[in-house]
Structure formats: C-alpha cells, structure tokens
Amino acid sequence: MKYTIDKQEKYCLLKLHEEKLDSNIAPNLKSELITIHAEGAKNIILDLSGVKYTDSSGLSALLVGNRVIQENGGIFVLSGLSEHTMKLIKISQLDSVLNILPTVEEAIDAVFMNELENDLKQGEDEN
C-alpha cells in the first residue's frame, strides 16, 4: 500500500496513493488507521483524491477508521472522494455516518471545529 502521512499537532493526514481501495489494500489501510490511532492521533483526515475505485472491503476499512477515532471523541474525515466512491457511500447510506468534505483544507477546518466543540463540552462538564 502506497501512502504518505503528515502528522500535525491536532490531526494526522493520511494520503492514499492507490487507484483502487479494494480487498488488496483495505486490510493494510485498516491496520494503518488503527496503528495511527494507537500512536496517539486523535483526529485523522484520509485524503482519497488519488483513489478512483472503491469496493465493499474498502468501505469496511473506512468504517473501522471512523469507529476507532469516534470512540475517543475524535473526528475521522474523508476528503477528495471520486464520483464512484461517493456513489458507493450514498448507495450504502453511509453518507450520514461518515464525515465527507471536498478538500483537505475543509477537512482540517472540521478537525479544528470538532476540537473547539470538545473543549467547550469539557468546560461545561467541569462546571
């Protein structure tokens, strides 16, 4: 699996350099997302702008990433989805479950908004 990782203070950006997110790639992506989370990344942005095709095992990997990150109040954002991947997500009715934004920049904004909301909630819980 070809990819790059850019670790920032508030998020980790993983860019997949594969044309297909299928059964050959999905298991590696799942384990990479779990590893990144285990290493302390609270928020993950997955840039899929290079991916043209996704199958059900690819969707499964995305759902694993989403679940693992959301368990700790983080946000898992997908960006740069191809028309094919977006159709598959909509057909599967996962567009209401997954956080999907057109660009990495918008995904970064969403991470910061989520962090602010969490900080505000913690402040309220302490009072």
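Guide: Let's begin at H37, which is in contact with V68, I69 and N72 once its neighbours within four places in sequence are left aside; contact here means heavy atoms within 4.5 Å. This is a predicted model, where local features need pLDDT of at least 70, side-chain atom pairs count only at pLDDT 80 or more, and totals for chains, interfaces and linings use all residues. Residues are numbered from 1 along each chain as its sequence is written, and side-chain values use heavy atoms, with hydrogens and water left out.

Visitor: Where does H37 sit, and why is H37 called buried?

Guide: H37 belongs to helix 1; helices (H or I, at least four residues) and strands (E, at least two) are DSSP runs, numbered from the N terminus. Buried means under 20% relative accessible area, exposed over 50%, and partly exposed in between, with a 1.4 Å probe and protein chains only. H37 has 18% relative accessibility, so it counts as buried. As for Q122, it is 85 residues from H37 in sequence and 21 Å away in space, C-alpha to C-alpha.

Visitor: What makes A26 buried?

Guide: Its relative accessibility is 1%, so A26 counts as buried. A26 lies in helix 1 too, and touches L21, S57, G58 and A61, not counting residues up to four places away in sequence.

Visitor: Why are helix 1 and helix 2 called roughly parallel?

Guide: Two packed helices are described by the angle between their axes and the distance between the axes. Here helix 1 and helix 2 pack at about 10°, with axes 8 Å apart. The axes are lines fitted to C-alpha atoms, for helices over the stretch in contact, and angles run from 0 to 180 degrees between N-to-C directions. Angles under 35 degrees count as roughly parallel, over 145 as roughly antiparallel, 65 to 115 as roughly perpendicular and the rest as oblique. Helix 1 and helix 2 are therefore roughly parallel to each other.

Visitor: Which residues make that contact?

Guide: On the helix 1 side, A26, L29, K30, L33, I34 and H37. Helix 2 brings S57, G58, S60, A61, L62, V64, G65, V68 and I69.

Visitor: How do you know that the span of helix 2 agrees with its length?

Guide: The expected span is 1.5 Å times one less than the number of residues. With 15 residues, helix 2 should span 21 Å, and its end C-alpha atoms are 21 Å apart, so the two agree. Among the buried residues of helix 2 are G58, L59, N66 and I69.

Visitor: What makes N66 buried?

Guide: N66 comes in at 3% relative accessibility, so it counts as buried. Leaving out residues up to four places away in sequence, N66 touches F76, V97, L98 and N99.

Visitor: And I75, why is that one called buried?

Guide: I75 has a relative accessible area of 10%, so it is buried. I75 lies in the loop between helix 2 and strand 6, and its contacts beyond four places in sequence include K42, I44, I69 and A110.

Visitor: What makes a set of residues a nonpolar core?

Guide: The residues must be buried Ala, Val, Leu, Ile, Met, Phe, Trp, Tyr and Cys, joined through side-chain atoms within 4.5 Å. The largest such core has 24 residues, and L21, L29, L46, L48, L62 and L78 touch the most other members. Strand 2 (12-16), helix 1 (26-38), strand 4 (44-47), helix 2 (56-70) and strand 6 (76-79) each supply at least two of its residues. A second, separate core of 10 residues includes Y11, I45, I108 and A110.

Visitor: Why is Q93 called exposed?

Guide: Q93 has 60% relative accessibility, so it counts as exposed. Q93 is in the loop between helix 3 (83-91) and strand 7 (99-101). Its phi is near 60°, a positive value in a residue other than glycine. Most residues other than glycine have a negative phi.
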